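Keep the model open while reading.

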Amino acid sequence: MKVGIVSDTHGCAATWRDVYSRYFADAELIIHAGDILYHGPRNSIPAEYDPKLLAEELNVCPVPLIMACGNCDAEIDGMVLDMPVQAPYAYIMRDNLRIIVNHGHHLEDDEDKWKMAQKMKAGLIITGHTHIAALEKRDGIIRLNPGSPSAAMSKREDKRGTIGIIENGRVEILDVQTGEILGTANF
C-alpha cells in the first residue's frame with residue numbers, strides 16, 4: 001500500500017499537479033493535513049495561487065483523499081470540494097494501522113501531539129501547520145509533519161518543498177523537486 005501525505009498546499013495548484021503526477025498518481029490513498037485552498041493572512045500570496053483550480057484538481061483526483069481541517073480552511077471549502085474536510089481531525093484505520101490527522105494549530109506543542117496519539121492508540125499522527133517537515137518515532141508512535149510541498153510556502157531555511165509517503169512499512173519525507181529522501185521511520 002502506498003499513501004501520499006501532504007499539508008499546507010494553500011491554493012498552490014501547479015505544485016499540487018506536480019506532486020500528484022510525480023509522487024501520488026500510483027497511491028491508494030492521499031492524506032491532506034489541512035490548509036488546503038487558501039493562503040491565510042500570515043502567508044504571502046504565491047504566484048501560482050489559484051484555489052479554484054486546486055479545488056477542481058482535487059475534485060477530479062482518482063485517488064481517494066482524506067482531508068483534515070486547517071486554520072486557513074473555511075466552511076466554503078465544503079461547498080467547492082466534493083469530499084469532506086474533517087474537523088478537528090480525521091481518524092483512519094488502514095492495514096491495522098491507526099492514523100490520526102490533525103492540522104496541529106490547536107495542539108500547543110509537540111508533547112500535546114504525542115499525548116493525542118497515545119490517547120487514541122495511533123501508530124501514526126500526522127500534523128501540518130508549521131510548513132516545516134518533521135519525522136520522529138517515540139514509544140512505537142511515528143509523528144509526521146510533511147511540511148509544505150510549495151517552495152514558495154515553505155518555512156524551511158532551505159526553502160525545500162516537502163511531502164510524505166507511506167510505503168513498504170515505513171514513512172519517508174521527500175524533497176518535492178529532487179525526490180531526495182530527507183527522513184525515514186519504520187513501523
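The model is predicted. In E2, Leu 29 and Ile 31 point one way, while Ile 30 and His 32 point the other way. All four of these residues are buried. In general, side chains in a regular strand alternate between the two faces of the sheet.

- E2 belongs to an open sheet of 7 strands, ordered E4-E3-E2-E1-E10-E11-E12. The pairing in this sheet is mixed.
- Its edge strands are E4 (85-86) and E12, each of which pairs on one side only.
- H1 packs on this sheet and touches E1, E2, E3, E10 and E11. The direction of H1 makes about 25° with that of E10.
- E1 (residues 2-6) and E2 run parallel and are joined by 4 bridges. Val 6 stands opposite His 32 in E2.
- E1 and E10 run antiparallel, also with 4 bridges between them. Here Lys 2 stands opposite Glu 167 in E10.

**The five-stranded sheet**

- An open sheet is formed by 5 strands in the order E5-E6-E7-E9-E8, with mixed pairing.
- E5 (89-94) and E8 (134-138) are the edge strands, and each pairs on one side only.
- On average, neighbouring strands of this sheet are turned by 15° against each other, direction ignored.
- The pairing of E8 with E9 is antiparallel and spans 5 bridges. Arg 138 stands opposite Ile 141 in E9.
- H4 packs on the sheet, in contact with E5, E6 (97-102), E7 (124-126), E8 and E9. The direction of H4 makes about 130° with that of E9.

**Helix H2**

- Which residues of H2 are buried? They are Pro 51, Leu 54, Ala 55 and Leu 58.
- These residues lie on the same side of H2, because they cover an arc of only 100° around the axis.
- The cover over the buried residues of H2 includes helix H1 (13-24), strand E3 (65-68) and helix H3 (77-80).
- Lys 52 forms a salt bridge with Glu 56, and the closest N and O atoms are 3.6 Å apart.
- Lys 52 and Glu 56 are 4 residues apart in helix H2, so about one helical turn separates them. An α-helix has 3.6 residues a turn, so residues three or four places apart point the same way.
- Lys 52 is exposed, at 61% relative accessible area. Glu 56 is partly exposed, at 39%.

**Salt bridges elsewhere**

- The whole structure holds 14 salt bridges.
- Arg 143 forms a salt bridge with Asp 110, with 3.4 Å between the closest N and O atoms.
- Arg 143 lies in strand E9 (residues 141-145) and Asp 110 in helix H4 (residues 110-119), so this pair ties together parts that are 33 residues apart in sequence.
- Is Arg 143 buried or exposed? Arg 143 counts as buried, with a relative accessibility of 4%. Asp 110 is partly exposed, at 36%.
- Glu 180 forms a salt bridge with Arg 160, and their closest N and O atoms are 3.1 Å apart.
- Glu 180 lies in the loop between strand E11 (170-175) and strand E12 (181-186), and Arg 160 in the loop between E9 and strand E10 (162-167), so the pair ties together parts that are 20 residues apart in sequence.
- Both partners are partly exposed: Glu 180 has a relative accessible area of 39%, and Arg 160 has 24%.
- A network of salt bridges links Arg 156, Asp 158, Arg 160, Asp 175 and Glu 180.

**Asn 43, a buried polar residue in a loop**

- Where is Asn 43? Asn 43 lies in the loop between strand E2 (29-32) and helix H2 (51-59).
- Asn 43 counts as buried because its relative accessibility is 13%, and the cut-off for buried is under 20%.
- A polar atom of the Asn 43 side chain lies 2.5 Å from the backbone oxygen of His 39.
- The side chain of Asn 43 also makes a polar contact with the side chain of Lys 155, at 3.2 Å.
- Leaving aside residues up to four places away in sequence, Asn 43 touches His 10, His 131, Met 153 and Lys 155.

Notes
Residues numbered from 1 in each chain as written. Predicted model: local features only at pLDDT ≥ 70, side-chain atom pairs only at ≥ 80, totals over all residues. Heavy atoms only, no water. Helix = DSSP H or I, 4+ residues; strand = E, 2+ residues; numbered from the N terminus. Buried < 20%, exposed > 50% of the residue type's maximum accessible area, 1.4 Å probe, protein only. Polar contact = N/O pair within 3.5 Å; in protein donor to acceptor, adjacent residues only side chain to side chain. Contact = heavy atoms within 4.5 Å. Arc of directions from axis to C-beta. Salt bridge = Lys/Arg side-chain N within 4 Å of Asp/Glu carboxyl O. Pairing = 2+ DSSP bridges. Axes fitted to C-alpha atoms, helices over the stretch in contact; angles between N-to-C directions.
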